[in-house]
Amino acid sequence: MMLAAGVIALAAGTYAFRWAGPALRSRVRFPERARQLLEIGAVVLLAALVAVTTLPFGTGHVGVALPAGVVVGGVLAWRRSPLLVVILAAAATTAALRLVGVS
């Protein structure tokens, strides 16, 4: 029963957050400096996420295949390719290198 209540509470909170963005868009204004800092923060957060997931420190030998796939994905993202293309190309690069024996 407690699990169901927790799931319902999280669902309601998620819905409220998603509703609040469009509902409050015209009422809340951020200063230009805050807007710039939020954009920079998002880029830094994504870069940190890529770094942490690409190079899993402490798990043994990383190999070349995984970082090579991330580099391919990064280049495609930098060139503004569609997200699906970026993900598929990165995964295909990693899989192909592992298939030919490059770990």
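The chain has four helices and zero strands, where helices (H or I, at least four residues) and strands (E, at least two) are DSSP runs numbered from the N terminus. This is a predicted model, in which local features need pLDDT of at least 70 and side-chain atom pairs count only at pLDDT 80 or more, while totals for chains, interfaces and linings use all residues. Residues are numbered from 1 along each chain as its sequence is written, and side-chain values use heavy atoms, with hydrogens and water left out.

**Overall form**

- Along the sequence the pattern reads α-α-α-α.
- The radius of gyration of the chain is 20 Å, whereas a compact globule of 103 residues would have one near 13 Å; the radius is taken over C-alpha atoms, and the globule rule is 2.2 Å times the number of residues to the power 0.38.
- Taken along the principal axes, the box filled by the C-alpha atoms is roughly 55 × 45 × 25 Å.
- Among contacts (heavy atoms within 4.5 Å) with a separation of 6 or more, 46% are between residues 24 or more positions apart.

**Surface and burial**

- Of the 103 residues, 8% count as buried; buried means under 20% relative accessible area, exposed over 50%, and partly exposed in between, with a 1.4 Å probe and protein chains only.
- Accessible areas come from the Shrake-Rupley method with a 1.4 Å probe, and for residues only the protein chains shown count as cover.
- A nonpolar surface patch is formed by L24, V28, F30 and L38, with about 380 Å² of accessible area together.
- Patches are made of residues with over 30% relative accessible area and no salt bridge; like charges are joined within 9 Å, and nonpolar side chains (Val, Leu, Ile, Met, Phe, Trp, Tyr) within 5 Å. A salt bridge is a side-chain nitrogen of Lys or Arg within 4 Å of a carboxyl oxygen of Asp or Glu.
- L38, a member of this patch, is found in helix 2 (residues 32-54) and is exposed because its relative accessible area is 53%.

**T94 in helix 4**

- T94 is placed in helix 4 (residues 83-99) and counts as buried because its relative accessibility is 11%.
- Leaving aside neighbours within four places in sequence, T94 is in contact with A65, L66 and G69.
- The T94 side chain reaches the backbone oxygen of A65 at 3.4 Å. A polar contact is a pair of N or O atoms within 3.5 Å; within protein, one must be able to donate a hydrogen and the other to accept it, and residues adjacent in sequence count only if both atoms are side-chain atoms.

- R80 lies in the loop between helix 3 (65-78) and helix 4.
- Although not a glycine, R80 has a positive phi of about 65°; R80 counts as exposed, at 75% relative accessibility.
- I87, in helix 4, is partly exposed, with a relative accessible area of 47%.
- I87 and G73 are 14 residues apart in sequence, and their C-alpha atoms are 6.5 Å apart in space.
- G74 lies in helix 3 and is partly exposed at 36% relative accessibility.
- G74 and L37 are 37 residues apart in sequence and 22 Å apart in space, C-alpha to C-alpha.
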